[in-house]
Every structure is written in C-alpha cells, then in structure tokens.
Amino acid sequence: MENSISEGHSKVQTTPKTGRLRIGCHLSSSKGYLAMGKEAVRIGADTFQFFSRNPRGSVAKALDEQDVAAYREFAAASDLQFLLAHAPYTMNPCSADAGLRALAKRLMVDDLQRLEYTPGSCYNFHPGSHVKQGVEVGIKYITELLNEVLTKEQTTTVLLETMAGKGTEVGRSFEELQAILAGVELKHKMGVCLDTCHIFDGGYDIVNDLDGVLSEFDRLIGLEKLKAVHLNDSLNVLGSHKDRHAKIGEGNIGLAAFERIINHPALRDLPFYLETPNDQDGYAHEIALLRELYR
Ligand code: FE
Ligand code: FE
Ligand code: ZN
C-alpha cells in the first residue's frame, strides 16, 4: 500500500520492517524542516539528523509551525522516518560550573518542547565532560539533569551518544553509559546512539570482534536500548581516544567492517546516520554504496 498523506498526522513513529536499509546523514537545518526532508530524499536518504540549534551557540530559531506541518506531510508521503535531533556539542550537562549546567538544562527543556512538533523523534546528546571533577561526579550531574528534564508525556526518546573518550568525556565506555541510565527514573524515555568512530576510538574492536562488542553492550546496557547508529569511519586507530571522522571505507574501520555492521542482526533494523566529512554528493554516494552492501 502506498503511504497516504494522513499518516503524517499519526502520533508516534513505528518500527518499520521494510527489509530496506534505513539510512541518512546529518543535514543543515538552516532552511527549515521541509527543505531538510526534500534534501534527504534527493540524496537517497530515508531518515536524517540535524542540529536542534546552532551547534556552538545556544540561540534557536523560532519554530515555523507551517514548515513543520509541510514537512510532516512530505515525510509521510516519502517514507522519511526516525528524525534524529542532535543537541549542541558545546552543551555540557556535567560542567563544574553550575551556570553552565543550568544552561544545559534550559537548552534541553526547550529542545524537547520543540521536538514535540515532530512526535516520536529521537534527541541525541553528548553526556559531557567532567573536567577535573571525576567521572562519578559527571555521571551524577547527568542523571540529575535527565531526572529534572524528562517528562512522562514526551514522545521523544533521549539518546546518550557513545563517546571516544577525548579529554574527560563521560560516556567513553558502556559501563559509564549504563551508570547514567541506571540513575534515570523514566528509563523508557532513554536510549543509546552508537557512534562507530567513537567506540572504535574508545577501544571497542568493531573491526575484528563486532559480535563481542555487541554482546558486551547487551550485557551491560541491553541491545533494546540501542536506538540509532552514527556511521563514521575513523582517521585514528583503535583506542586512540581522538574522535576524528573519516569517509566510509577511508579510515581504520574500513568498508568490510561497515558491511558487517549494517547487516548485523542486532543492528540491521536500526536507523543509520552518516556524519562523515562529505558534501551532499559525497553523502549520496555513501548512501548508495551502503545500500548496495545491504542484504
Ligand atoms: Fe555527536
Ligand atoms: Fe556521532
Ligand atoms: Zn565524533
């Protein structure tokens, strides 16, 4: 059956079993939602990620409700699903500065309110950097913030991103992510976004032991918590804690590993998002390449 326009008004996105790779990339939100939707379709994507606001600053454009409505209609007709908003990466929920923690809370509250205009979306954020406070203090601040911000009513799932462990980043191991999730009261509103470059840089060998890494994830966090995958190759080697993305197949993870990743039974039905150093043509090429490798 063809998608009908009316589906654009359905409340929550459901997991489709289309047998098709669900893939997109990070897109600029500067021209609004409908423009992102159209660009996604143009480059062969059926999902996408965007910054919830200026990635460096804190100012968010006023939400254009007409644009969102037009987007939702277009998305339903085009089978665009699994909208993923990425919080600004300067936001630090576990800063030593109480003012910056309060800012992180305001930003997250505002982002989550805006995301209710596109119900059933995901919201991904970097857990933050504990600076010199120690990882336990960082984890405590992050869970406190989530417990203040999450509501029973929200339809958005909030995702912790797996981090490379650059500097004092929290979320460099599955144990740290699990410790954050364990402290959150509304657990069903939470999930994890696995970034392939980050976990590889974090020391998880997804090239030679993908099964082992995913078993470890399942043991500590639970694979049902895994909601999205950032597909990035890495310029650096396993365990380098650097976080420099490379194009798919041009880094130390390599194309054969990405073929295994997108086809792995635990991952293949998840939405994948490219954050590789590419222009739009480069993204279109990587999306086509990965679709070809999907069985
Ligand atoms: Fe990120
Ligand atoms: Fe990422
Ligand atoms: Zn990164």
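This is a predicted model: local features need pLDDT of at least 70, side-chain atom pairs count only at pLDDT 80 or more; totals for chains, interfaces and linings use all residues.
**Surface and overall build**

I started with the surface: the chain exposes about 13,000 Å², and carbon and sulfur atoms supply 52% of it (Shrake-Rupley method, 1.4 Å probe; for residues, only the protein chains shown count as cover). Residues are numbered from 1 along each chain as its sequence is written, chains are lettered from A and ligands numbered from 1 in the order in which they are written, and side-chain values use heavy atoms, with hydrogens and water left out.

Next I looked up burial, and 53% of the 295 residues count as buried (under 20% relative accessible area; exposed is over 50%, partly exposed in between, with a 1.4 Å probe and protein chains only). Along the principal axes, the C-alpha atoms fill a box of roughly 50 × 40 × 30 Å.

I found nine helices and ten strands in the chain (DSSP runs numbered from the N terminus: helices are H or I with at least four residues, strands are E with at least two). Of the contacts with a separation of 6 or more, 77% are between residues 24 or more positions apart (contact means heavy atoms within 4.5 Å).

**The iron site**

Which protein atoms hold the iron ion (ligand 1)? I get His86 (NE2), His126 (NE2) and Glu161 (OE), at 2.1 to 2.2 Å. Donors here are N, O and S atoms within 2.8 Å of the metal (3.2 Å for Na, K and Ca), and sites may look incomplete because water is not among the atoms. Along the chain, the donor spacing reads H-x39-H-x34-E. His126 is in the loop between strand 4 (122–125) and helix 4 (135–149), while Glu161 is in strand 5 (residues 157–161), 35 residues apart. His126 counts as buried at 17% relative accessibility, and Glu161 is buried at 1%. Glu161 also bridges to the iron ion (ligand 2), with 3.3 Å between the two ions.

**Annotated positions**

His198 is in helix 6 (residues 196–201) and is buried at 2%. Beyond its neighbours within four places in sequence, His198 contacts residues including Glu161, Asp243 and His245. His245 is in strand 9 (residues 245–246) and is partly exposed at 22%. The side chains of His245 and His198 make a polar contact of 3.4 Å (a pair of N or O atoms within 3.5 Å; within protein, one must be able to donate a hydrogen and the other to accept it, and residues adjacent in sequence count only if both atoms are side-chain atoms).

**Side look at Gln154**

I found Gln154 in the loop between helix 4 and strand 5, buried at 6%. Its side chain reaches the backbone nitrogen of Thr151 at 3.1 Å, and a polar atom of the Gln154 side chain lies 2.8 Å from the backbone oxygen of Thr156.
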